[in-house]
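Have the structure open as you read.

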Amino acid sequence: MKTTRSRRPQPAIAERKASERSAQAAGAGKRTGGKATGEEFSTRNPAYGKPAVTGAKPRGRNATGGFAEVPAQGRGGRSGRGEPALEARMPRAPRSKPNPQGGKAERPTFEAYKAVAAASAGMLPEGETRKIKYKTVSRARRMQLRQGSVRELQMQKELRERRIATTEIPAERLQKALAFTGYGSRRAMEDAIAAGKVSVNGKIAALGSKVSLGDEVRFDGKKVVLKWPDRLPRIVMYHKQEGELVSRDDPEGRVTVFDRLPRLKSSKWVAVGRLDYNTSGLLLFTTSGELANRMMHPSFEVEREYAVRVFGELTQEQINEMLKGIELEDGTAHFARLERRGGEGFNHWYHVVLKEGRNREVRRMFEHFGLIVSRLIRVRFGSMTLPGRLRRGQFHELTELEILGIMRWAGLKINGRQADE
């Protein structure tokens, strides 16, 4: 059986440690709880503008007990090597944060990384501080569904791999083809074409130019590989929450629905209609601009159904007037249908159907009679109804079979062209 002997410190090490402790006590004073006391801050460090510490570091604390402040220009960090210091040295790249509601972590947006790069580009003026506010948005969850039958899965795979013949792809306007490829919005592409940044087959393009399959397109001198609508588009049903904007960019940094959607590599989501900031419910997105236009244009009169909760109750005369027509600031508006859906106390529910999508039309029609809408939910758009299982903040991507049915309902081919009558 082995015996263990207690290890004794070597005499040289013990003497060195004792001398260090005595020197530290003589130069820096007492230590309280492992941190420097007020006696240590007797002089000031001219480089930092903060009290200097002799024999012991202040560990990021100043004389008043707060955290030490780093100037915009000066020594530049703790190393004292003389590097120029930015705001708190260098802004850190945004990191993912845990989602308090569970699920995937909240990932920083691309704008957050751009803000860090802009702040890290150069030094700030002396004495100036700048706070960068990162916007982290958690991606929407996908609605869980049961897997279809083997036959359905095989049909979906065939539709996913199906491509139309190249001879059926017509010529497209240049700005539309560039926008579909993912180079930016149509308006931005029109500005780029007007500035002479785009060429087709070696010639500077002009507004209104069209491009066909096989043409050589260059943007700022670089060759562009155009994407063509030769397959089924994608369609997403999203249950919008109150407090989200239907916009790609907000100067105030608020959450947008595009921050919540899954990312696309070669195309972009097109919102089918809009919902107000305080309106929730069904919101559709697709990668086909033709399908979105077919569903939104007033000439097609696609129905939109809303569930409305109102403070108060409509009389039968008011209901008849809403169905007949009400004069608003931007013209006459009327409901195609209006049904009572009950209610308790002062709150009453109604279901209304519109065939157009004006700004705040439902709310303005009720406000015409002095009634305030306290809750507004879109429950149907055309042939697509908000699923009961689709919770707020979740999305459901339609299968290829469902998308094919929507394209036939809209009278469009796979590539978005109008189907033959």
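Contact here means heavy atoms within 4.5 Å. Helices (H or I, at least four residues) and strands (E, at least two) are DSSP runs, numbered from the N terminus.

A word on the source: this is a predicted model, in which local features need pLDDT of at least 70 and side-chain atom pairs count only at pLDDT 80 or more, while totals for chains, interfaces and linings use all residues. Residues are numbered from 1 along each chain as its sequence is written, and side-chain values use heavy atoms, with hydrogens and water left out.

Which residues of H5 are buried? In this helix, residues 186-194, they are Met 189, Ala 192 and Ile 193. Buried means under 20% relative accessible area, exposed over 50%, and partly exposed in between (1.4 Å probe, protein chains only). Just after the helix comes Gly 196, with a positive phi of about 80°.

Next, look at helix H3 (residues 150-161) and helix H10 (residues 400-410), which pack with their axes 8 Å apart and at an angle of about 60°. H3 and H10 are therefore oblique to each other. Axes are lines fitted to C-alpha atoms, for helices over the stretch in contact, and angles run from 0 to 180 degrees between N-to-C directions. Angles under 35 degrees count as roughly parallel, over 145 as roughly antiparallel, 65 to 115 as roughly perpendicular, and the rest as oblique.

On the H3 side, Glu 152, Met 155, Gln 156, Leu 159 and Arg 160 make the contact, and they meet Glu 400, Leu 401 and Leu 404 of H10. These contact residues divide into 4 nonpolar, 1 polar and 3 charged. Ala, Val, Leu, Ile, Met, Phe, Trp, Tyr, Cys and Pro count as nonpolar, Asp, Glu, Lys and Arg as charged, and the others, Gly among them, as polar.

**Salt bridges**

Side chains of opposite charge can pair when their charged atoms come close. A salt bridge is counted when a side-chain nitrogen of Lys or Arg is within 4 Å of a carboxyl oxygen of Asp or Glu. How many salt bridges does this rule give? The count comes to 20. Three of them are set out here.

| Salt bridge | Closest N and O atoms |
|---|---|
| Glu 397 and Arg 142 | 3.8 Å |
| Arg 234 and Glu 397 | 2.7 Å |
| Asp 330 and Arg 358 | 3.0 Å |

Glu 397 forms a salt bridge with Arg 142. Glu 397 lies in strand E24 (residues 394-397) and Arg 142 in strand E7 (residues 141-142), so this pair ties together parts that are 255 residues apart in sequence. Glu 397 is buried, at a relative accessible area of 16%, whereas Arg 142 is partly exposed, at 44%.

Glu 397 also forms a salt bridge with Arg 234. Because Arg 234 lies in the loop between strand E13 (222-224) and strand E14 (235-240), and Glu 397 in strand E24, this pair ties together parts that are 163 residues apart in sequence. Arg 234 counts as partly exposed, at 31% relative accessibility.

Glu 329, Asp 330, Glu 356, Arg 358 and Arg 364 are linked in a network of salt bridges.

**Two loop residues**

Arg 231 sits in the loop between E13 and E14 and is partly exposed, with a relative accessible area of 43%. Its C-alpha atom is separated by 9.5 Å from that of Lys 413, 182 residues apart along the chain.

Asp 250 has its place in the loop between E14 and helix H6 (257-260), and is buried, with a relative accessible area of 12%. Leaving aside neighbours within four places in sequence, Asp 250 is in contact with Leu 245 and Thr 256.

**The whole chain**

The protein has 10 helices and 24 strands, and buried residues make up 36% of its 421 residues.
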